[in-house]
Amino acid sequence: MPPKAKITRQMILDTALELTRQAGFEAVNARSIAGKLRCSTRPLFTCYENMEQLKSEFLAFAYEYYERYVAAYRAGSGVGPGLLLPLSYVEFARQEPNLFRLLFISDMDLALHRPQDFYKERGNEKKAAAFARALDLDPERAKAVFLDLFLYTHGIAVLAATNKLTLGERDVENMVANVLSAFLQRQTPAACGPA
């Protein structure tokens, strides 16, 4: 008789991802993972001390999945650099609503008491800097535009992920491009008033 396959962290994370994509993170628990892996719950708790530790590692794993999605979108979409992040964000919400809800609604670690708080979240400073370079904008002006664009796009993405809004990809692209254009015009030195 061949030895039983060893259950690894990777197998557990892949299974949690599959369950989340299908039914939402609420469906992920020790029993549902073990059921998919056709094992008892014991191997899970050999790999992880508890479900909180698994969830913490899974959130990072799911975010890496999102980053790979954005990279694939970049390679296949042909959109300009100013629209890449907002459009891939909305498309991720449309294509992966359960993962989007987990990463960007339920477990989004963002408390916006002031606009500047947006840049306390991991990676947002770096994204705004790349946005500034891509559009050849002053970094501070780019941060203001990037935040406004995120807030607008997040609204569309949440509505899409929760099936409250159904728009075609072209419609979303036109809306986001128009709003980006308006934000950029508003941020030109002339629009800001005398220096």
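Take the contacts in this chain between residues at least 6 apart in sequence: 61% of them join residues at least 24 apart. Keep in mind that you're looking at a predicted model. The chain has nine helices and zero strands, so if you read the elements from the N terminus on, you get α-α-α-α-α-α-α-α-α. Here's a quick tour.

**The whole chain**
- Of the 195 residues in the chain, buried ones make up 41%.

**How α7 meets α8**
- Two packed helices are described by the angle between their axes and the distance between the axes.
- For helix α7 (residues 124-135) and helix α8 (residues 139-161), the angle is about 110° and the axes are 9 Å apart.
- That angle makes α7 roughly perpendicular to α8, because anything from 65 to 115 degrees goes by that name.
- The crossing of α7 past α8 is right-handed.
- On the α7 side, the contact is made by Asn-124, Glu-125, Lys-127, Ala-128, Phe-131 and Ala-132.
- On the α8 side, look for Pro-139, Ala-142, Lys-143, Val-145, Phe-146 and Leu-149.
- Sort the residues of this α7 and α8 contact by type and you get eight nonpolar, one polar and three charged.

**How α4 meets α5**
- Helices α4 and α5 pack at an angle of about 120°, and their axes lie 10 Å apart.
- α4 passes α5 in a right-handed crossing.
- From α4 (51-77), the residues that meet α5 are Tyr-65, Tyr-66, Tyr-69, Val-70, Tyr-73 and Arg-74.
- Their partners in α5 (81-95) are Leu-84, Leu-85, Leu-87, Ser-88, Tyr-89, Glu-91, Phe-92 and Gln-95.
- By type, the residues of the α4 and α5 contact split into 10 nonpolar, two polar and two charged.

**Ala-71, a residue of α4**
- Ala-71 sits in helix α4, and at 35% relative accessibility it counts as partly exposed.
- The reason for that label is that partly exposed covers the range between buried, under 20%, and exposed, over 50%.
- Ala-71 and Ser-88 are 17 residues apart along the chain, and their C-alpha atoms are separated by 9.1 Å.

**Helix α6 and its cover**
- In α6, the buried residues are Asn-98, Leu-99, Phe-100, Leu-102, Leu-103 and Phe-104.
- What covers these buried residues includes α1 (9-23), α4, α5 and α8.

- You'll find Asn-98 in helix α6 (residues 97-106).
- Asn-98 has a relative accessible area of 16%, so it is buried, given that the label applies under 20%.
- The side chain of Asn-98 joins that of Arg-101 through a polar contact of 2.7 Å.
- Leaving out residues up to four places away in sequence, Asn-98 touches Thr-20, Arg-21, Gln-22, Ala-23 and Gly-24.

Note on methods. Residues are numbered from 1 along each chain as its sequence is written. This is a predicted model: local features need pLDDT of at least 70, side-chain atom pairs count only at pLDDT 80 or more; totals for chains, interfaces and linings use all residues. Side-chain values use heavy atoms; hydrogens and water are left out. Axes are lines fitted to C-alpha atoms, for helices over the stretch in contact, and angles run from 0 to 180 degrees between N-to-C directions. Helices (H or I, at least four residues) and strands (E, at least two) are DSSP runs, numbered from the N terminus. Angles under 35 degrees count as roughly parallel, over 145 as roughly antiparallel, 65 to 115 as roughly perpendicular and the rest as oblique. A crossing is left-handed if the near helix is turned anticlockwise from the far one by less than a right angle, and right-handed if clockwise. Contact means heavy atoms within 4.5 Å. Ala, Val, Leu, Ile, Met, Phe, Trp, Tyr, Cys and Pro count as nonpolar, Asp, Glu, Lys and Arg as charged, and the others, Gly among them, as polar. Buried means under 20% relative accessible area, exposed over 50%, partly exposed in between (1.4 Å probe, protein chains only). A polar contact is a pair of N or O atoms within 3.5 Å; within protein, one must be able to donate a hydrogen and the other to accept it, and residues adjacent in sequence count only if both atoms are side-chain atoms.
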